[in-house]
Amino acid sequence: MILDEQDLRNGTRFIVGTWQPDYVVNMFSSDLAHIPAAEFKSTDGVVFTAISFTFSEDHTLIMKNSVTGREVNGTWEQKSYGEFKYTLNGFLNLPAGTNESVAETLRVQDGESLVFSLGVIAIALKKVAEGTVSEEKKQDIGELPGDETLTGIVGTYGVYKLRTYTDAGFVWETAEELRGKEAAGTPEAGEYALQMLDWKVEFTADHQVFVWMKVPEGASQADLEEAIRQGEVAGVKDGLFAEKALEWKAVEGRYYYNTGERREVFGEVQSPWDELKSDEEGNIFFMNNMLLLKKQ
């Protein structure tokens, strides 16, 4: 999995700090009960509540045992959205037959715990103290000047493919395939997703983006005119309407559009601007990569 800069920064903000065992699960138990770490002691006498893991922004790690006074240095890295690898460096006496690679894998659980396995037991860590992550102020795409010479994106696009969830997981299906399933009475995509197949997405020369949708049945011309007057609709044409005008720009050879969404991760406001990436045929990924648009 390829992690972008923001993914790595979010992972750093999540893991940096001090973590201690919260509970233990014996995988051979019948009910997989959560045993509080304070009530669990390993066969070699390790008191789990005495152990702490302190992760730092520079990808170093300090493991401590407050009872024995032992302290070991290690490193950590992020492998995916919900997985980290770290080095134990012999800090724990691994049971015979324990897969060291598994023991050195931390998985995020419920968005707040880190879990690793030692043989047949799983240990969940909770963060007990936040660490320091340096603030990195980057200019938002919206703050950067656009390149007015790049206009290749201008035009109207139809929905070529839709990313849908099937028994096999997320897959790309063409509009033709989805309409065929709908006609056969076997649609896997929901009603709203099927409505997207009729969308037209227009990038205008004056840097506006319009998502044109079918006018709802029963809506009169008077209804539409009132919606435009109230600012609820940006425009109507050819039996289609657009709720609002978005904005696009080109920066350093790449195209972006302002989704208008308010986003926040770990309390930090994120940019509403998304890059308009293309596939090898020049089709454009749109709306959080759920649609693939083809120029008409």
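Is Gln-78 buried or exposed, judged by its relative accessibility? Gln-78 counts as buried because its relative accessibility is 10%, where buried means under 20% relative accessible area, exposed over 50% and partly exposed in between, with a 1.4 Å probe and protein chains only.

## Basis of the model

This is a predicted model, in which local features need pLDDT of at least 70 and side-chain atom pairs count only at pLDDT 80 or more, while totals for chains, interfaces and linings use all residues. Residues are numbered from 1 along each chain as its sequence is written, and side-chain values use heavy atoms, with hydrogens and water left out.

Gln-78 lies in strand S5 (residues 71-80); helices (H or I, at least four residues) and strands (E, at least two) are DSSP runs, numbered from the N terminus. Leaving aside neighbours within four places in sequence, Gln-78 is in contact (heavy atoms within 4.5 Å) with Leu-3, Asp-7, Leu-8, Gly-11, Thr-12, Glu-83 and Phe-84. Gln-78 and Gly-11 stand 67 residues apart in sequence, yet their C-alpha atoms are 6.9 Å apart in space. The side chain of Gln-78 also reaches the backbone oxygen of Ser-80 at 3.1 Å.

Helix H1 is largely enclosed by the rest of the structure, because eight of its 11 residues are buried; among them are Asp-7, Gly-11 and Thr-12. At the N-terminal end, H1 is capped by Asp-4, a side-chain oxygen of which lies 3.1 Å from the backbone nitrogen of Gln-6, and just after the helix Gly-17 takes a positive phi of about 140 degrees.

## The largest pocket

The largest pocket holds about 1600 Å³ of space, a volume being the space filled by probe spheres set on grid points that are joined across faces, edges and corners. A pocket here is an open set of points on a 1 Å grid over the protein atoms alone, where a 1.4 Å probe fits, with protein on both sides within 12 Å along at least five of seven lines, and lining residues have an atom within 4 Å of a point. Its lining consists of 38 residues, of which Asp-4, Gln-6, Ser-271, Trp-273 and Asp-274 lie nearest the centre. Elements that give two or more residues to this lining include helix H1 (5-15), strand S16 (254-258) and strand S20 (284-286), and H1 gives the most, with five residues.

By residue type, the lining divides into 15 nonpolar, seven polar and 16 charged residues, where Ala, Val, Leu, Ile, Met, Phe, Trp, Tyr, Cys and Pro count as nonpolar, Asp, Glu, Lys and Arg as charged, and the others, Gly among them, as polar.

## Strand S21 and its partners

Strand S21 (residues 291-295) runs antiparallel to strand S10 (residues 155-166), with five bridges between them; two strands pair if DSSP finds at least two bridges between them. In this pairing Gly-158 stands opposite Lys-294 of S21. S21 is also antiparallel to S20, to which three bridges join it, and Phe-285 has Leu-292 as its bridge partner in S21. S20 and S21 form a hairpin with four residues between them, and Met-287 in the turn has a positive phi of about 55 degrees.

## Two further buried residues

Asn-65, in strand S4 (residues 60-65), counts as buried at 11% relative accessibility. A polar atom of the Asn-65 side chain lies 2.9 Å from the backbone nitrogen of Val-67.

Glu-173, in strand S11 (residues 169-174), is buried with a relative accessible area of 6%. The side chains of Glu-173 and Lys-181 are joined by a polar contact of 2.5 Å, the term meaning a pair of N or O atoms within 3.5 Å, where, within protein, one must be able to donate a hydrogen and the other to accept it, and residues adjacent in sequence count only if both atoms are side-chain atoms.
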